[in-house]
Amino acid sequence: MKNILIVDDHLQITEVLKEYVLKEGFNPIIADNGQAALDAFSSHTIELILLDVMLPKIDGFGVCKTIRATSNVPIIMITAKGEDYHRIMGLDIGADDYIVKPFSPSEVMARIRAILRRIERTEENQHTMDRLTYDNLTVYLEEKKVTIATQEIFLTKRELELLWLLLANPEKVFSRDNLLDSLWGIDYFGDARTVDTHIKRLRAKLDEVSHPNWEIATVWGQGYKFEGKK
């Protein structure tokens, strides 16, 4: 049974999410503050984390940063309505998705199912192809590693998957909806601007090392593509 870590200091929210997680056949582990979340993560094998932003002791951003230093476990941030900067900051530090309060528990479970299905598909396909190279760029899917001219670039799991998809289909234009369906799942209910945020962050990391022969290009009015210049 897969463990889902639910981190929120509101008992009513955790009880509702716990009930829905159990109905889906997962095992809920509850933490009501940031430190308890880190303790639970270190003592259990966690498949996915539902992480509130506003927490006692250590806030959700601190928890996310700490976990991302050692793990690519999927993290869904829970933010208050209208707090866009929380959403953007969460994605910038490595969260895979976000949910805005008040939320529908069934929507939360749909997000969880979509992410876990995507991970299962990725793992099933790893044996057929686990490395892509273009010019000075190499992406190792199984090792979750990216290098440019032998220098390693540290990406989150979602950033690596985004780069892999674009690199595996050079010159193909992906719309925001294409990328949402491919990486977030067809039952994703979030904002398409999530794609723009991930692309911006991915480009910034790739630009740490010179790569004049390729880029992640914007095709205005259509989407994004991996473009070679050789």
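1. A term to have in hand first: a residue is buried when its relative accessible area is under 20%, exposed when that area is over 50%, and partly exposed in between, using a 1.4 Å probe on protein chains only.

2. Some ground rules before you dig in. This is a predicted model, so local features need pLDDT of at least 70 and side-chain atom pairs count only at pLDDT 80 or more, while totals for chains, interfaces and linings use all residues. Numbering runs from 1 along each chain as its sequence is written, and side-chain values use heavy atoms, with hydrogens and water left out.

3. Now the overall layout. The chain has eight helices and 11 strands; these are DSSP runs numbered from the N terminus, with helices being H or I of at least four residues and strands E of at least two. Of its 230 residues, 52% count as buried. Looking at contacts (heavy atoms within 4.5 Å) with a separation of 6 or more, 59% come from residues 24 or more positions apart.

4. Which residues form one aromatic cluster? They are Tyr134, Trp214 and Phe226. Rings of Phe, Tyr and Trp (its six-membered ring) pair if their centres lie within 6.5 Å; planes under 30 degrees apart are stacked, over 60 edge-to-face, and the rest tilted. A search of the whole structure turns up two such pairs. Tyr134 and Phe226 are edge-to-face, at 5.4 Å centre to centre and 80 degrees between the planes. Tyr134 belongs to strand β6 (residues 131-134) and Phe226 to strand β11 (residues 223-228), so this pair ties together parts 92 residues apart in sequence.

5. The other pair also involves Phe226: with Trp214 the arrangement is stacked, 5.6 Å centre to centre and 20 degrees between the planes. Since Trp214 lies in strand β10 (residues 214-219), this pair links β10 with β11, parts that are 12 residues apart in sequence. Phe226 is buried at 0% relative accessible area, and Trp214 is buried at 1%.

6. Two lysines are worth a look too. A charge sits over a ring if NZ of Lys or CZ of Arg is within 6 Å of the ring centre and within 35 degrees of the ring normal. Lys23 does this over Tyr20, at 5.5 Å from the ring centre, and Lys145 over Tyr140, at 5.7 Å.

7. Arg158 sits in helix α6 (residues 157-168). Is it buried or exposed? Arg158 is buried, with a relative accessible area of 1%. Setting aside neighbours within four places in sequence, Arg158 is in contact with Asp96, Ile115, Arg118, Leu183, Trp184 and His198.

8. Finally, some backbone spots to check. Most residues other than glycine have a negative phi, and most peptide bonds are trans. Lys101 and Pro102, though, are joined by a cis peptide bond with omega of about -10 degrees, and Pro102 is in the loop between β5 (97-100) and α5 (105-125). Asp135 has a positive phi near 55 degrees; this residue is in the loop between β6 and β7 (137-140) and is partly exposed at 33%. Glu171 has a positive phi of about 70 degrees; this one is in the loop between α6 and α7 (176-184) and is partly exposed at 40%.
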